[in-house]
Every structure is written in structure tokens, then in C-alpha cells.
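Trainee: I would like to go through this model step by step. Can we take helix packing, backbone angles and pockets in turn?

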Amino acid sequence: MRIKILVRLKGQILEPQGKVIEQSLNSLGFTEFSNIRQGKLIELDLPDNISKEEKVQKIDSACKKLLVNDIIEEYEVLG
Amino acid sequence: MSFKSAVITFPGSNCDRDALCYLKDLTKGEVHNIWHEETSLPKVDLVILPGGFSFGDYLRSGAMASKSKIINEVVKHANDNRYLLGICNGFQILTEIGLLEGALIRNKKLKFLGKNCFIKKKFQNNFNLSIKDNQVLQIPVAHNEGNFYCDTETLNLLKNNEQIAFEYCKGEFSNNEENINGSIEAIAGITNKKKNVLGMMPHPERAYSDFHQSQDGRLIIESLIS
């Protein structure tokens, strides 16, 4: 099964890339776009026969050990 | 007893040679260069994690290097109360390992900063003993992710334990900024609680020789040796 993990900077942390993207979009006429923040998406495959509990446990463990720095980032498993 | 030291090289390190020369010239002692896949570290007084772009800064700066085989030995070295200095990418690696608090995020203005900067010591430790209070040091920076971040609780801990070693300040040039990258409280370098591990964004190994613009970087090694 395909796993998608969304990683983003925590809300209180300044995300300067999003600010620049917002300025560019605004200058292109997308003036209704605001509060833009950029994150990252990590996709990976896990075997289909893995149990739901094991899946959650493995993903959480991988996020805590490497994929996410919980001082500055938060994550969400999509789908 | 001569001062022994080592520099760890990761794929993508690019200040390891500078750090080796810095140590050789200033300590006059034995200096080892250790590849990140090694599983043992000689008994030395100081280990430097050098600057650069270890593992291409993939995922987050320092994230991959913090999982290298040699890191177990580096942690043991630090737990043994011996000195560990992370410069630039080395500082990022130390926060990713968890030996130092906080994290280094993108510079506030999104620019890669490669220029001289000015720092002064905040609280005294063995890395800055030879530096006078309010003495302004000119040391180069070269980083994209040098904006030090931590939560308020951690910041209070860093202050109460006197773990802030260096802060950015104004120097002698006009128009220079006080806080070049947006770091909380202009923090340029912090230590661990025991003060034997220092991480700093400025590069002292680029400011020690006659051919460098400044020789202020000498003071860190001189402090450790004294």
C-alpha cells in the first residue's frame, strides 16, 4: 500500500518560503490567496498484508526517528 | 600532554580540510580525520563536526548525518565530558542528534548568507574563556539554515543554565545587522548543559591564519588549550 506523510512546520514557526510564494501569486493576480505555507510530502510503500496497528506503529516510529523533527515540524498520515 | 583532536568527515562536508588545518596549526598536537562510516573514535580531547552540506542537506540539514555510524562514538565522547564542537552544518547535526537543544531553520530573509559577521560571548564556558566580555569577534558565516529556533520553555532553560555561548552583534562596518538570520535572541552558538558541547553557525576555522581577514577564530582553540 502507498503511504503519504505530510510534514509541515508547526504553525507558530515562520515559514518564509510560503510568504515569498504568496507574494509571487499575488503579483500574478491571485490576490485572494493568503496565509500560504509550504510543507513536504513523503511517499512510501508498505506491504499490503501488514496490520493496521503495525502500520501506524511503524510510520510513527519512522517519523519520530528520522522523517520529522518534532521541535519544529508536525506530520499527518494522509488517506 | 599534547592536545589531541579529530574531525569527522561526512559525504558533503566541505570544511573538514579547513578544520583539520585549524586544529593542526593551533593545537600543534595529533589530529585525526575520521570517515563517518567508522565505528571507533580515538581518545581525543576535542572532536569537530565540520561545516558543509552533509548528505546534500536531504530531508533536513544534518538529519542524515545524525544517523551515521560514527555518531554513537561521538555521543560517547561527549558523555565522557570531552569537548565536541559543531560548526555550521556540525551545529545542525548536533541539534538533530539531540545533544543540543532547538533547531536551525531557514534564514528569515531566505538568503544564503556568505559573509563576515560579528559575534560576542553571552555566557562563559571553556570554549570562550579567552574572549573578553563585550569583545566583538569577526568570524565568517556561510549558511542557508542558521536561524536558531526553540520554544520559550527551552529558551528559558538555555538562559537559566547559561548555555548561550555566542550571540550576533553589530560590528565595525556600517549598515550591518545585529541579527543576520533571524535567530531567537540573536543566538549564534549554544552549549549543552554540561558545557562540553558547543554548536555555532559562524566558522572560526575560516578566521585564524594570516591569510584570513580575521584571526578571531583562534580564541576558541586557545580557550580550550588554556
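**Helix, loops and pockets**

Mentor: This is a predicted model. In it, the buried residues of helix 4 of chain B are covered by elements that include strand 8 (147-149), strand 9 and strand 10 of chain B.

Trainee: Which are the buried residues of helix 4 of chain B?

Mentor: The helix spans residues 152-160. Buried means under 20% relative accessible area. The residues of helix 4 of chain B that count as buried are Thr154(B), Leu155(B) and Leu158(B).

Trainee: Within what arc do the buried residues of helix 4 of chain B fall?

Mentor: An α-helix has 3.6 residues a turn, so residues three or four places apart point the same way. The buried residues of helix 4 of chain B line one face of the helix, because, seen down the axis, they fall within an arc of 100°.

Trainee: Which exposed residues sit on the face of helix 4 of chain B turned away from its buried side?

Mentor: Exposed means over 50% relative accessible area. On the face turned away from the buried side, the exposed residues are Thr152(B), Glu153(B) and Asn160(B).

Trainee: Is Leu110(B) buried, exposed or partly exposed?

Mentor: Leu110(B) is in the loop between strand 5 and strand 6 (113-121) of chain B. Its phi is positive, near 65°, in a residue other than glycine. With a relative accessible area of 22%, Leu110(B) is partly exposed.

Trainee: Is Ala186(B) buried or exposed?

Mentor: Ala186(B) belongs to the loop between strand 9 and strand 10 of chain B. Phi is positive here too, near 55°. Relative accessibility is 11% and the cut-off is 20%, so Ala186(B) counts as buried.

Trainee: Which side chains make polar contacts with the side chain of Asn181(B)?

Mentor: Asn181(B) lies in the loop between strand 9 (164-168) and strand 10 (187-191) of chain B. At 1% relative accessibility, Asn181(B) is buried. Its side chain makes a polar contact of 3.2 Å with that of Tyr168(B), and one of 2.7 Å with that of Ser183(B).

Trainee: Which residues does Asn181(B) touch, not counting those up to four places away in sequence?

Mentor: Tyr168(B) is one of them.

Trainee: Which residues lie nearest the centre of the largest pocket?

Mentor: The largest pocket holds about 490 Å³ of space. Two or more lining residues each come from strand 1 (2-9) and helix 1 (16-27) of chain A, and from helix 3 (89-97) and strand 5 (103-105) of chain B. Among the 25 lining residues, those nearest the centre are Lys40(A), Glu73(A), Leu59(B), Arg60(B) and Arg106(B).

Trainee: How does the lining of the largest pocket divide by class?

Mentor: Both nonpolar and charged residues take part. The lining has 9 nonpolar, 7 polar and 9 charged residues.

Trainee: Which element gives the largest share of the lining of the second largest pocket?

Mentor: The second largest pocket has a volume of about 160 Å³. Of its 13 lining residues, Lys64(A), Val68(A), Asn69(A), Asp70(A) and Glu96(B) are closest to the centre. By class, the lining has 4 nonpolar, 3 polar and 6 charged residues. The largest share, 3 residues, comes from helix 2 of chain A.

Conventions:
Residues numbered from 1 in each chain as written. Chains lettered and ligands numbered in written order. Predicted model: local features only at pLDDT ≥ 70, side-chain atom pairs only at ≥ 80, totals over all residues. Heavy atoms only, no water. Helix = DSSP H or I, 4+ residues; strand = E, 2+ residues; numbered from the N terminus. Buried < 20%, exposed > 50% of the residue type's maximum accessible area, 1.4 Å probe, protein only. Polar contact = N/O pair within 3.5 Å; in protein donor to acceptor, adjacent residues only side chain to side chain. Contact = heavy atoms within 4.5 Å. 1 Å grid on protein atoms, 1.4 Å probe; cavity = no way out; pocket = protein on both sides within 12 Å on 5 of 7 lines; lining within 4 Å. Points joined across faces, edges and corners; volume = space filled by probe spheres on them. Nonpolar A, V, L, I, M, F, W, Y, C, P; charged D, E, K, R; others polar. Arc of directions from axis to C-beta.
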